[in-house]
Amino acid sequence: MEKWTYTEGLHEVGNGTFAYLQPYRKVSGADKLSAWGWSNAGLVVDGQGNDAQTLLVDTLYDIPLTQKMHNTMIQAVPAAAHIDIVANTHSNGDHTNGNMLFKESKIIASLATVEEMKAEPDPSVMAMIAEKAPADGLTGMTLKPFNFRGIQKTYATETFDSVKTFSLGSKTITLMKVGPAHTKGDTLVFVPEDKVCYTGDIIFNQAHPIIWAGPVQSWIQACDTILAQDVNIIVPGHGPIAGREVVSEIKDYLGYIYDEAKQRHDAGMTPLEAANDISLERYASWLDDERIIPNVFAVYRELDGTPVENVHKLFDYMDAWTRARRK
Ligand SMILES: [Zn+2]
């Protein structure tokens, strides 16, 4: 298995198939690296000159970062100046906020992803939250590195329900909706010729995944869907490029969190008590362990059939968690 470097920029993972990586970084006020907002994207190019066809997998959290990525892509692959198709893996802003730079392109996403994007707060609201948040709190630390001003939500121009296959030059591209898992509309992007899968946030590498939607079982099935395909290069939504083993790691993590949370649920603990009680020792090297909180809440919600918690409340809990551990 080839080892990929983990540096910012474009990395060729197949024949005209690339990953654009934004490595985890230290944010001001924090003493450790964070995965929040530092997402990866992908580029697939097939054909030469005027015949070249281009696919961009996801955009980034803000316009300057997306513009920088696009410039890097054009420098390496001139055909990327014209992006024919953008495919969004899911609704979160760190994978869609840059869509507005590609209004001339066909933008494809699952129907559930578009519905979710419509329900999510406008980036201008995120800008206000980012400005008001204390710099030493989790919200401030995760939002302040980004510029949410001037972002117009730009939705898919074409949607699909479960699977969509299309040609990009001589390559076949398959989009497979596997959500609800991380979000409702999670979609995997396969490039079978190169044995590559862009997973969006179904896979985080070296960081805790975060269960916004669930159920956990459906996310575990999404991992099995990847493992059932003949792919050996995994471009995760966040973190270094990896082999198939990273998919098994996330699958194991989800099973572990589910079992541990269920035991404590059945013993009558509150979600916060459970989150504090579950040992994360085996994941000590993974970033953003505060995500255990929304993850435990997600399991409780699944067991109790209760509605999704207020996201600001979850951030408050996670903020308290990180502050308590910093002292
Ligand atoms: Zn993400």
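Me: What is the volume of the largest pocket, and what makes a space a pocket?
Reply: The largest pocket holds about 1200 Å³, where a volume is the space filled by probe spheres set on grid points joined across faces, edges and corners. A pocket is an open set of points on a 1 Å grid over the protein atoms alone, with protein on both sides within 12 Å along at least five of seven lines. This is a predicted model, in which local features need pLDDT of at least 70 and side-chain atom pairs count only at pLDDT 80 or more, while totals for chains, interfaces and linings use all residues. Residues are numbered from 1 along each chain as its sequence is written, and side-chain values use heavy atoms, without hydrogens or water.

Me: Which residues of the lining sit nearest the centre of the largest pocket?
Reply: N92, E120, P121, W212 and V311 do, out of 46 lining residues (a lining residue has an atom within 4 Å of a point). By class, the lining has 20 nonpolar, 14 polar and twelve charged residues. Here Ala, Val, Leu, Ile, Met, Phe, Trp, Tyr, Cys and Pro count as nonpolar, Asp, Glu, Lys and Arg as charged, and the others, Gly among them, as polar.

Me: Which residues hold the zinc ion?
Reply: D94 (OD), H95 (NE2), D201 (OD) and H238 (NE2), at 2.1 to 2.3 Å. They count as donors because N, O and S atoms qualify within 2.8 Å of the metal (3.2 Å for Na, K and Ca); water is not among the atoms, so sites may look incomplete. H95 in helix α2 and H238 in strand β14 are 143 residues apart, so the pair links distant parts of the chain.

Me: Why is the zinc site called irregular?
Reply: Its angles run from 88 to 154 degrees among four donor atoms. Tetrahedral needs all angles between 85 and 135 degrees; square planar (four donors) or octahedral (six) needs opposite donors over 155 degrees apart and all others between 65 and 115; anything else is irregular.

Me: Why does F18 count as buried, and K195 as partly exposed?
Reply: Buried means under 20% relative accessible area, exposed over 50%, partly exposed in between (1.4 Å probe, protein chains only). F18, in strand β2, has 9%, so it is buried. K195 has 32%, so it is partly exposed. D288, at 2%, is buried too.

Me: What is phi for K195 and for D288?
Reply: Near 55 degrees for K195 and near 60 degrees for D288. Most residues other than glycine have a negative phi.

Me: How do you know what the radius of gyration of the chain agrees with?
Reply: The rule for a globule is 2.2 Å times the number of residues to the power 0.38, and the radius is taken over C-alpha atoms. For 327 residues, a compact globule would be near 20 Å, and the chain has 19 Å, so the two agree.

Methods. Helix = DSSP H or I, 4+ residues; strand = E, 2+ residues; numbered from the N terminus. 1 Å grid on protein atoms, 1.4 Å probe; cavity = no way out; pocket = protein on both sides within 12 Å on 5 of 7 lines; lining within 4 Å.
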